[in-house]
Amino acid sequence: MTQITTVTTAPIAGQKPGTSGLRKKTPVFMGRHYLENFIQATFDVVGCAGKTFVLGGDGRYFNDRAAQVILRMAAANGAARVIVGQGAILSTPAASHLIRLNGTDGGIIMSASHNPGGPEEDFGVKFNMPNGGPAPEGVTEAIYQRTTVITEYKVLEAQDVDLGSVGRHQLGAMVVDVVDPVADYAALMESLFDFPALKAIFAGGFRMRMDSMCAVTGPYAMEILENRLGAAKGTCVNATPLPDFGGMHPDPNPTWAEALMDEMFSAAAPDFGAASDGDGDRNMVVGRGIYVSPSDSLAVLAANAHLAPGYKAGLKGVARSMPTSAAADRVADALGIGKYETPTGWKFFGNLLDAGRATICGEESFGTGSDHVREKDGLWAILLWLNILAVRKQSVAEILQDHWAKYGRNYYSRHDFEAIETAKADAMFAALRGSLANLPGRVVEGMTITAADDFAYTDPVDGSVSMKQGVRVMFADGSRIVYRLSGTGTEGATLRVYLERYAAGPDGLDLDAQKALAPVIRAAHALAGIAAHTGRSAPDVVT
Ligand code: VG1
Ligand code: CO
């Protein structure tokens, strides 16, 4: 029996989506009416009756239960059809692709991305638009406003849908199509990259290690790298998605993907190493004995993308988030194509991609992607690197050295100070913002400040304005410091300090990044009074 029930509810404080959807501790999400309120608010804002949506998540704890609730609510709100990844699994880029491929009205992605998963860890939900990209601020703000006045939600009383095998089901009047989460995505990758060339390098003994960190890309990596491209068995490690990610912190950076880093810097290192995050939209790439910073990765991909079949016509433009280094700008200038600087978060790239102004986008936080979907895409970046390596027949180290020799090097690092008391972080930012007007002209660590501001962005396509997107301090020698508070954390505040210094070369291109940045780091502490405000003198995570 299926019957639509209208449940009386009341607003729950704090349902405000951050950089990428609503993220909270799992017990909060599992609390009474919590998920339901947010989903109903989403349907109330974007509309549900007669619509088709995609649904999937990264498989973390509560993913399966949440999927059943969302399906029952979609049915009760009159949705025509929902396309679900088998087992309620979809990587974020695969979900974005399915939304576009099927011409749907959008999708709901269940993930807290790189945050740990489990009964006491994090969960998250976000809505993506019909273009496959995360809802823009106007929509997320409307959803939030709706959560503050909600009085009821609708749910269908019904048995769970069997999501375990591919096929069509009926849930009340709604159709549920359970699809293979990997197949369409793998086909898309095959359309963009030279799979025969990649097969040839693996057949020729090229060795790789792909660490999926017990998160969602495992089955995707296995199918593409080992099954289709013939990479040696064992290339993919931690390739079974687990509800708690095996206790790992699925954030592909040198700190959390330590085992991969150790392997790549060992005597027996393979040719290429890569890792991806909880929901598969981030990537880290590592060469034998050399780490590729995400900002450099974006620049190298932009400079070489034309070597892959999907990009042989060249790029229309390159977009990067503001805290990302200017390395990609130098490539855009050399190619004579557009360059864009957006606030942090993939939602800001959507308009540029839709309007055909940018082809490749990237963030310093291990995110790169292109106009093939409307999310960043970890495996896409890894495959583009492989395609470039196959064509250029050089090592990662050689490619990086060539790049720096041509463009100069933007030394770059991000220092994170986690779980700071929110009041202390806010006080630090208030003082910092208050000091901005007096900074130009000041000399710190021998460097003269030329400008200081709080980044504001006007979208060149729709004219929308986003204020207070990060404090920037610029120096005469091209160095830069950026301060931001994270919008994805679930505990206290996380301060991110982004540090950059340009070396034109030919000398000084091979320094250790932390050493090259030492004066900028000291200046960053001095200007913001980080220790005085937060009691922290050293970061928790350095990338
Ligand atoms: C972080 C990153 C940002 C990224 C966002 C979502 O946001 O800095 O670049 O877009 O995570 O990535 P914040 O607000 O914590 O700095 V993911 O892989 O969570 O979808
Ligand atoms: Co992610």
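Predicted model: local features only at pLDDT ≥ 70, side-chain atom pairs only at ≥ 80, totals over all residues.
View 1. Residues are numbered from 1 along each chain as its sequence is written, and ligands are numbered from 1 in the order in which they are written. Local features need pLDDT of at least 70 and side-chain atom pairs pLDDT 80 or more, whereas totals for linings use all residues, and side-chain values use heavy atoms, without hydrogens and water.

**View 2. The shell around ligand 1 comprises 20 residues.** Thr19, Ser113, Ser365, Gly487 and Thr488 come nearest, a residue being near if one of its heavy atoms lies within 4 Å of the ligand. The shell has ten polar and ten charged residues but no nonpolar ones (Asp, Glu, Lys and Arg count as charged; Ala, Val, Leu, Ile, Met, Phe, Trp, Tyr, Cys and Pro as nonpolar; the others, Gly among them, as polar).

**View 3. Side chains of Ser365, Arg496 and Asp281 approach oxygen atoms of ligand 1.** An N or O atom in the Ser365 side chain is 2.6 Å from a ligand oxygen atom, and a polar side-chain atom of Arg496 also lies 2.6 Å from a ligand oxygen atom. For the side chain of Asp281, the corresponding distance from an N or O atom is 3.0 Å.

Definitions and conventions:
Polar contact = N/O pair within 3.5 Å; in protein donor to acceptor, adjacent residues only side chain to side chain.
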